[in-house]
Amino acid sequence: MKDDEAGLSAEVSVRPGPGVNKATVYILQVLTAFASDIPAFGVTGLSKRLGMTKSMVQRALQTLVEQGYLVRDETGSSYQLGLRVLELQDPVTNDPDLRELCAPFLRLLHEASDETIRLAVRAQDNIVIVDGIESPGRVAYRASLGSMYPLHVSPASRIILASLSDSEIEAYIDRNTPLRRYTPSSITDPDVLWSDVRLTREQGYAFGFSDGNIGIASVAFPIHASEGDLHGSLVVSGPEARFRPRLQLLLPDLLKIMKDLNSRTRLYALSPPYFGPGC
Amino acid sequence: MAPSGRTPVNASATHIFDILRLVSKSDSPLGVSEISRLTGLPVSTVHRALATLEQSQYIARLESAPRYKLGPTPQFLTRAIFQKFALRSASIPFLKRIAHETGETVTLCVRVGFYVLRIAVAYGRNDLYSPGRLGEVALLQNSLAGRSLINRLSSADLEAYRSFLLDHYPDLARCYSDKGADPQCPYHRESMAEQPDRIAVAFPVKDHLGSAIASIVIADAERSKANEQWIERCLDQLRELEALIACEPTKYRSPYTHIESSTFVLK
């Protein structure tokens, strides 16, 4: 992955507040940029990514290298995390769970869309909603925490389905034939389901219109774990009349937020126990 | 004091990192006056530094009291270091297979300088025992993984390690020796004094040149179960992993190979 990606979403680019030393804020911002699955950054890449001038970046890099938190990489032209970072661990703090990892990004998605956000994880042949933020506007439905949807119903589920291997998907269909209908628009035809899977795999997100809940438009995104599997999915939903027209326009912003989320969640493997069929 | 010995460019930055290190080493969350006392910095400076650190989530304030502990960001940085080791992803399927076959929890520790760093784990069903955290760093002789590697250090490396100990850990320099060990043996076994029916086993992972770059560790297993067949099954997985590594040596080289071992000192 190239390091010269355009600017980060708001959570990561922190603007210095009053009474705070700006140079120090920039130093921490530069260091934080390395908290992703991108192995190294050059000055130009950092400058573009963080919206800082090259000289600001260079000053920050100098201090970080002095401190030992960054070192030059093997090529000599880029920088990578230094081993001294390993000192900054305390024996007490646990690994964040998925909800903690995703929380700041749920907020960003909510701010960008003004709609309801839901975090879902897989539970065998279903997904279960484990966190969310509700829209401030009128809500047509409530997907409460703990609700479950089968893997062929709702875009949040189908994101997870599409991430499985072809044989696992075939096995799911076999186990759940005939595919149950939840709304008039539910996918119940295996062929239609397969083309949805292919489309989802290609574009990296899934739309749903009244297929999990009637009158609701949604777009769902994958949350990647480190070994090529998914932690779960995130879905943005709203009443079709209000949300559907805005979807295409919002999509680039939402995708950018998801990209930042994923560069963080890719640092973690799916944690045990893993609820899969036969486990 | 910055490790390079030069005058730091930015004094406030040094304060920030001194405070961050203090908070991370502390057994319990620290308040502003404690931090001020321990660092010798005025309270106002500490307040400003804490505000900056909190903003980027390097530290977090407790909900219940005006005391500070580490925030999530340092963890993400540690995790990002794991991801730099291609060996981590490559070894996970093998760790899982060993965990499945033996029922025990298996971890991978890579060599960084004169230390080992635990970067991957696969849980076994017998596991009621915590294998130690991912990210834990230990001096070679202070960890099972490290001890399994000491015997396989080249004589040059061993000399360098001894100098390193003299420079930085003078009271440890004579602690470890494993005179009875056969450097050709593909695994390293240790008994646990407090639990005679348990043993710990570590399998050094060698690169295409035969240098030990990491160790696969089963920290706690039933002695009666760990017979020759059990060891053979682990060794089968180890050999497959080593074959994989040998195919793409550059890919599986440590991303810190170019860093001089003696420059990395953990305090």
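How many helices and strands make up the secondary structure of chain A? Nine helices and eight strands. Helices (H or I, at least four residues) and strands (E, at least two) are DSSP runs, numbered from the N terminus.

This is a predicted model, in which local features need pLDDT of at least 70 and side-chain atom pairs count only at pLDDT 80 or more, while totals for chains, interfaces and linings use all residues. Residues are numbered from 1 along each chain as its sequence is written, chains are lettered from A and ligands numbered from 1 in the order in which they are written, and side-chain values use heavy atoms, with hydrogens and water left out.

**View 1. The interface of chain A and chain B.** Contacts link 55 residues of chain A to 59 residues of chain B; contact means heavy atoms within 4.5 Å. The two chains bury about 5,000 Å² between them, 59% of it on carbon and sulfur atoms. A:Glu66, A:Leu83 and A:Leu88 supply 15% of the area that chain A buries against chain B, more than any other three residues. Buried area is the accessible area (1.4 Å probe) that two parts lose on being put together, summed over both.

**View 2. Helix H2 of chain B and its buried side.** H2(B) spans residues 32-39, and its buried residues are B:Val32, B:Ile35 and B:Ser36. They lie on the same side of H2(B), because they cover an arc of only 100° around the axis. That arc is taken from the directions from the helix axis to the C-beta atoms. An α-helix has 3.6 residues a turn, so residues three or four places apart point the same way. B:Ser33 and B:Arg37 are exposed, on the face turned away from the buried side. Buried means under 20% relative accessible area, exposed over 50%, partly exposed in between (1.4 Å probe, protein chains only). Helix H1 (11-25), strand S1 (30-31), helix H3 (43-55) and strand S3 (67-70) of chain B are among the elements that cover the buried residues. B:Gly40 follows H2(B), with a positive phi near 80°.

**View 3. The six-stranded sheet of chain B.** The open sheet runs in the order S6-S5-S4-S9-S8-S7, with antiparallel pairing. Strands S6 (137-139) and S7 (188-192) of chain B stand at the edges with a single partner strand each, so one side of each has no neighbour in the sheet. The twist averages 30° from one strand to the next. Strands S8 (195-206) and S9 (212-222) of chain B pair over eight bridges. Two strands pair if DSSP finds at least two bridges between them. B:Pro204 has B:Ser215 of S9(B) as its bridge partner.

**View 4. A:Ser218 in strand S7 of chain A.** A:Ser218 sits in S7 (residues 216-224) of chain A. A:Ser218 is buried, with a relative accessible area of 7%. Not counting residues up to four places away in sequence, A:Ser218 touches residues including A:Pro155, A:Phe207, A:Val235, A:Phe243 and A:Leu247. A:Leu247 is one of the buried residues of helix H9(A).

**View 5. Backbone details in the loops.** A cis peptide bond, omega about -5°, joins A:Thr177 and A:Pro178. A:Pro178 lies in the loop between helix H6 (166-175) and helix H7 (190-203) of chain A. A:Gln124 is not a glycine, yet its phi is positive, about 55°. A:Gln124 lies in the loop between strand S3 (116-123) and strand S4 (126-133) of chain A. A:Gln124 is partly exposed, at 42% relative accessibility.

Note on methods:
Axes fitted to C-alpha atoms, helices over the stretch in contact; angles between N-to-C directions.
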